[in-house]
Each structure stands twice: as C-alpha cells, then as structure tokens.
Amino acid sequence: MRLFRSVTLLLILLFGASTDLFCADQFVVVLDAGHGGKDPGAVNGKAQEKNINLNVALKVGKLIEENCKDVKVIYTRKSDTFIELSKRADIANKADADLFISIHTNSATNKSAYGAETFLLGVEENRTSANFNVAIAENKAILYESDYETTYAGYDPNSAESQIIFEFMQNEHQKESLKFASIVQNRLVNTAQRHNRGVHQAGFLVLWRSAMPSILIELGFISNANDMKYMTSQKGMDELSQSIYLAFNEYLTETRNGQNKTASVVMESKPQTEVITAGIPVFKVQFLTSKTVLGKKDSRLSGLSDVEYYKDNGLYKYTCGATTDYNKIQATKKEVNKKYKDAFIVAFLGEKRISIDEARRLAGKN
Ligand SMILES: [Zn+2]
C-alpha cells in the first residue's frame with residue numbers, strides 16, 4: 001500500500017495529475033443539461049428545451065446523490081446559464097470523469113415525429129439520415145459562441161460537409177459508450193414507456209471533446225404535442241429522470257463488478273426472483289428474436305416472468321425464467337412452449353453464452 005502511494009505520488013508529480021490520492025476509486029459522472037441562458041435550444045410555444053434538459057439533469061443528479069453516496073456528480077450547469085460546448089467537455093475532462101451524460105430535447109418540422117433516442121459519437125453509414133440532422137441541429141449551439149471558428153477547428157455548423165471531421169476522430173471509448181447508451185435507451189423504453197427510436201451514432205461536438213464514455217440523450221420531441229406535454233409534466237420529468245438514474249446505476253454496478261461480466265445482458269426493470277452469482281451458469285428460455293427492443297407492454301412478452309434480452313449479432317434475443325436450476329428451467333420451457341413452440345433453453349456464464357452440456361457440467365460442480 002505504501003509503495004502504491006509512493007508510486008502514485010511520483011506519477012502525480014511527473015504528470016501533474018490533480019486526482020485526489022485517497023479517492024482514486026470514486027466514480028465521477030458529469031450531467032450536462034444541454035443549452036441554457038441565451039441559447040434556448042429547441043422551442044415550441046412557451047416550452048423551451050433548455051428548461052426541460054435542466055429539470056431532468058437536476059433530478060437525475062439528485063437521485064444519484066441520494067442513492068449512490070460514493071459517486072461524485074458534477075453538473076455543467078445548475079441554473080439557466082449559457083455554457084460553451086467545448087467548456088462542457090472541458091469540465092468533464094478536468095474532473096477526470098468516468099461518464100458524461102448530455103441531456104437534450106429533440107425537434108422536427110414533422111410534428112408527428114416522437115419518441116426517445118440515445119446517441120454516441122460516431123458516423124453512421126447513411127449520412128442523409130435523420131440522426132445526422134439531429135447532430136447538426138445540436139451543434140448549432142456554437143453559433144451563440146463568439147469565436148466558434150477557432151474553438152472548433154473550422155467546424156461550420158451550417159455545412160453538412162463539416163461533419164466529415166468526425167470520421168477522423170479516435171474513439172477509444174466507443175464500446176463503453178455504446179453499452180451505456182443501450183442501457184439508457186432500454187430504460188427510456190421500458191421504465192418511462194417512451195417510443196423507441198433506438199441507439200445511434202452521430203457527430204456531436206459536445207461528445208467529440210470529452211475523453212470518457214459519453215452519450216447524448218434526446219428525451220423526446222418538443223415539436224410533438226404529446227411528447228412536449230409529457231416532458232413538461234411532473235410525471236414525465238420524474239419518469240425520465242428515474243430511467244436515466246436506473247440506467248446509470250446498472251452501468252455503475254456492471255463497471256464495478258468489473259470485467260463486465262454482464263455487459264451484454266440488459267435486465268428488465270422487474271427485480272430478479274433469484275440472485276444470480278457470478279461463476280455459476282444460468283439457464284434461461286429463449287423464446288423470441290427481434291430487430292428492435294420491444295416495449296414492456298408488448299403483447300409478445302405478456303404472461304412471461306423475468307423477461308430479459310441479450311444482444312447478439314445486432315439482434316435482441318429475448319429470454320425468460322432465469323435460474324441456476326436445470327430442472328426448473330425445463331419446467332419453465334414446457335410452459336413457454338405453450339405460447340412459443342420453438343422456445344429453447346440457453347445457458348450463460350456471466351455474459352458469455354455457453355453450451356447446455358458445459359453449463360450442466362459446471363452446475364454439477366457447484
Ligand atoms: Zn439540444
């Protein structure tokens with residue numbers, strides 16, 4: 001321990017890091033309420049994006065502070081103030097944050113567009129897609145900054161071609177960002193019952209500058225009457241905040257359990273009936289494969305308990321009845337087969353899918 005401290009101290013002296021020596025393990029999350037002050041973001045009548053973003057960010061922060069005492073929450077803004085995009089990333093970088101969550105509200109000329117989506121930095125193949133336009137719209141926030149040409153290396157928010165800079169960026173945190181984005185999107189859909197617009201990649205300046213896993217959430221469309229009503233209601237703000245908090249908690253647990261044992265298994269909000277211990281194989285009944293995440297109330301999931309999904313080859317594979325007991329899963333399979341005659345048993349060790357034979361062999365040992 002002594003040696004460790006000396007080495008750490010030496011590293012700090014050498015590289016000038018300002019991390020608190022004794023809180024090296026503290027998880028730091030940055031909550032970034034998009035826009036603010038002279039930049040209202042998207043607007044619809046009296047409703048302004050900046051206020052929705054701030055309300056939700058503050059609520060998420062409060063939930064984390066109350067429930068995760070060992071997590072440090074940093075806000076890029078806690079009031080109606082204007083903060084430059086590059087400064088938001090700087091705040092996170094300077095704090096050596098572990099996670100960056102930027103909260104926004106979408107808008108479209110088509111007033112029927114609705115639902116929530118979650119982004120990470122990147123470039124999707126289809127450059128004319130709506131996702132691409134979301135990033136361009138959000139990046140226009142820099143037009144409120146006095147010297148954006150210099151700050152953003154010539155990025156022109158009025159030119160779609162400028163998006164090309166994102167193709168040459170390094171994104172070492174993409175895997176973690178994607179993992180967290182997927183957990184958040186799953187919560188927005190299943191906990192807040194938002195219409196699922198999916199997880200996408202696009203070139204957001206605010207994510208470009210942050211050197212940690214980072215995502216940008218579009219809570220809903222301010223341009224859509226129903227979404228707007230929801231996002232400005234107490235119920236809506238509570239549910240959206242709860243969803244983001246629960247997603248954060250899941251991600252934190254997975255990160256701390258380290259080694260990402262459950263990385264690709266995204267739990268439903270329902271608590272597990274059985275505590276699953278790492279190292280012991282778990283049996284589940286796989287009954288459905290879908291290209292998209294299904295809503296919690298989807299009729300295809302009704303009547304089944306402990307529904308979860310895992311991602312495999314870009315598909316969402318739905319399972320139910322997680323248990324370490326092989327006899328129990330056989331009984332569950334029989335039940336599920338009444339509704340899904342092709343449902344079959346699958347086995348996992350941590351996040352890894354293993355053969356039934358291997359799982360039974362391992363289970364026998366425990
Ligand atoms: Zn925005």
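Guide: Two strands are said to pair if DSSP finds at least two bridges between them. Strands (E, at least two residues) and helices (H or I, at least four) are DSSP runs, numbered from the N terminus. The model is predicted, so local features need pLDDT of at least 70 and side-chain atom pairs count only at pLDDT 80 or more, while totals for chains, interfaces and linings use all residues. Residues are numbered from 1 along each chain as its sequence is written, and side-chain values use heavy atoms, with hydrogens and water left out.

Six strands make it up, in the order 4-1-5-8-6-7, and their pairing is mixed. At its edges are strand 4 (71–75) and strand 7 (196–202), each of which pairs on one side only. On average, neighbouring strands are turned by 20° against each other, direction ignored. Axes here are lines fitted to C-alpha atoms, for helices over the stretch in contact, and angles between N-to-C directions run from 0 to 180 degrees.

Strands of a sheet pair through backbone hydrogen bonds, either parallel or antiparallel. Strand 1 runs parallel to strand 5, and five bridges join them; Asp32 faces Ser102 of strand 5. Strand 5 is also parallel to strand 8, over six bridges, with Phe100 opposite Ser214 in strand 8. Between strand 8 and strand 6 the sense is antiparallel, over three bridges, and there Thr118 stands opposite Ile217. Strand 8 is mostly covered, with eight of its eight residues buried. Buried means under 20% relative accessible area, exposed over 50%, and partly exposed in between (1.4 Å probe, protein chains only).

Helix 6 (residues 174–190) touches strand 5, strand 6 (116–121), strand 7 and strand 8 (214–221), and its direction makes about 175° with that of strand 6. Helix 9 (residues 234–256) touches strand 1, strand 4, strand 5 and strand 8, at about 155° to the direction of strand 1.

The protein donors of the zinc ion are His35 (NE2), Glu49 (OE), His104 (ND1) and Glu138, which supplies two OE entries, at 2.0 to 2.5 Å. Along the chain their spacing is H-x13-E-x54-H-x33-E. His35 lies in the loop between strand 1 (27–33) and strand 2 (43–44), and His104 in strand 5 (residues 99–106), so the pair ties together parts 69 residues apart in sequence. Donors are N, O and S atoms within 2.8 Å of the metal (3.2 Å for Na, K and Ca); because water is not among the atoms, sites may look incomplete. His35 counts as buried at 6% relative accessibility, and His104 counts as buried at 4%.

The donor Glu49 is among the buried residues of helix 2, which also include Lys50, Ile52, Asn53 and Leu54. Helix 2 (residues 49–67) has 19 residues and should span 27 Å at 1.5 Å a residue; its end C-alpha atoms are 27 Å apart, which agrees. The expected span is 1.5 Å times one less than the number of residues.

Methods:
Contact means heavy atoms within 4.5 Å.
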